Amino acid sequence: MKAKLGMSPIAWWNDDLPELSDDVSLEECLRQSRSAGFTGMEQGRRFPSNPEEMLPILRAADVTLCGGWFSGTLVNEELSANKDRIAPMIELFKAVNAPCIVYGEVGRSIQGDRSKPLATKPRLGDDEMKVYARRVTEFGEWCAEQGMPLSYHHHMAAVVETEPELDAFMRNSGEGIPLLLDAGHLAFAGGDVLRAIDNHHARINHVHVKDIRQSVVDGLDRSRQSFLDAVALGAFTVPGDGSLDFGAIVQRFADHGYEGWFVVEAEQDPRKAPPQKMAEIGHAELMRVMTAAGYTVETEGFPKG
């Protein structure tokens, strides 16, 4: 089985908490992650928005674009508005041969609002979830028809956060919307990562290998503290530096035959957790557990020739 290892630039620049950002250029961010061994990088705010500028930067860094976040609003806005906003991103991602666009629901979400405690996250009733899941499926099918698949990201403080919410979303949606399984977000929400892989492996097309610090998560006052408070306190980290057993997690993906990207996405304070050091720790741990699980990790970055 083959796998590729990528990173998210959120370790260097945090869009929601600018104070948790390192003052480094896109080129330096890519250099640091590539020197740690990663061959891909997800899109971040300092990436150019056209392929004529992006491709030379990726080529020089010897990395590929391995995904990127789209802020979807299908829970409270029409398909047409989301289609209009994602269309330029689809064309860009096709031009640079990215594997997928990550769909993150921000409609009604409190993930970016530090004044909203975790306990006040939005919740959908059964009928609302059915309508929402069908709408996201239709959107995913449309994006695939345009040449770029989506990957649905369950997320803390959003309408699909907990394992039961994820199960309900998957039950009411269709194959037209694949799943991004994020170990850190599911564990933070109290879910069973291995069970979720077992239940939904057939639809998983992208993986975020985010770790958590269980002591930080357990110490949160969810009636008072927000998702961004949790991030600032260090709830997330890279594999090998947290509480999750990535040996078991990666093995479970292998058991189900998953091949593709495993992306380290762990927002932290770069002053407390230097991004290059964190990248090296995460890469070393992933190589250890992936080798044990029987994966061959691809080492080619930007395609030659």
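This is a predicted model: local features need pLDDT of at least 70, side-chain atom pairs count only at pLDDT 80 or more; totals for chains, interfaces and linings use all residues.

Biologist: What is the volume of the largest pocket, and which residues are closest to its centre?

Modeller: The volume of the largest pocket comes to about 500 Å³, and of the 24 residues that line this pocket, the closest to its centre are Ile-10, Asp-15, Asp-16, Trp-69 and Glu-265.

Biologist: How do the lining residues divide by class?

Modeller: For the largest pocket, the lining has nine nonpolar, nine polar and six charged residues.

Biologist: And the second largest pocket, how much space lies in there, and what lines it?

Modeller: The second largest pocket holds about 310 Å³ of space, and its lining is made up of 16 residues, with Lys-4, Thr-64, Asn-97, Gly-301 and Pro-303 lying nearest the centre. At least two lining residues come from each of helix H2 (51–61), strand S3 (64–65) and strand S11 (260–264). By class, the lining of this second largest pocket divides into seven nonpolar, five polar and four charged residues.

Biologist: You mentioned H2 and S3; what about Asp-62, where does that sit?

Modeller: Asp-62 is placed in the loop between H2 and S3, and its phi is near 60°, which is a positive value in a residue other than glycine. Arg-108 also has a positive phi, near 65°, and is likewise a residue other than glycine; Arg-108 is found in the loop between strand S5 (101–105) and helix H4 (126–145).

Biologist: Switching to helices, at what angle do H5 and H7 pack?

Modeller: Helix H5 (residues 163–172) and helix H7 (residues 193–200) pack at an angle of about 5°, and their axes are 11 Å apart. H5 and H7 are therefore roughly parallel to each other, a description that applies because the angle falls under 35 degrees.

Biologist: Which residues make that contact?

Modeller: H5 contributes Glu-163, Leu-166, Asp-167 and Met-170, while H7 contributes Arg-195, Ala-196, Asn-199 and His-200. In the contact of H5 with H7 there are three nonpolar, two polar and three charged residues.

Biologist: And H7 with H10, how far apart are their axes?

Modeller: The axes of H7 and helix H10 (residues 246–255) are 10 Å apart, and the two helices pack at an angle of about 10°, which makes H7 roughly parallel to H10. On the H7 side, Val-193, Leu-194, Ile-197 and Asp-198 meet Ala-248, Ile-249, Arg-252 and Phe-253 in H10. The contact of H7 with H10 has six nonpolar residues, no polar ones and two charged ones.

Biologist: Last topic, what does UniProt annotate over residues 31–277?

Modeller: The UniProt record, an unreviewed entry, carries the annotation "domain: Xylose isomerase-like TIM barrel" for residues 31–277.

How values were computed. Residues are numbered from 1 along each chain as its sequence is written. Side-chain values use heavy atoms; hydrogens and water are left out. Axes are lines fitted to C-alpha atoms, for helices over the stretch in contact, and angles run from 0 to 180 degrees between N-to-C directions. Helices (H or I, at least four residues) and strands (E, at least two) are DSSP runs, numbered from the N terminus. Angles under 35 degrees count as roughly parallel, over 145 as roughly antiparallel, 65 to 115 as roughly perpendicular and the rest as oblique. Contact means heavy atoms within 4.5 Å. Ala, Val, Leu, Ile, Met, Phe, Trp, Tyr, Cys and Pro count as nonpolar, Asp, Glu, Lys and Arg as charged, and the others, Gly among them, as polar. On a 1 Å grid over the protein atoms alone, a cavity is a set of points where a 1.4 Å probe fits but cannot get out, and a pocket is an open set with protein on both sides within 12 Å along at least five of seven lines; lining residues have an atom within 4 Å of a point. Grid points are joined across faces, edges and corners, and a volume is the space filled by probe spheres set on the points. UniProt positions are given in the numbering used here, feature names are shortened, and annotations may be inferred rather than shown by experiment.
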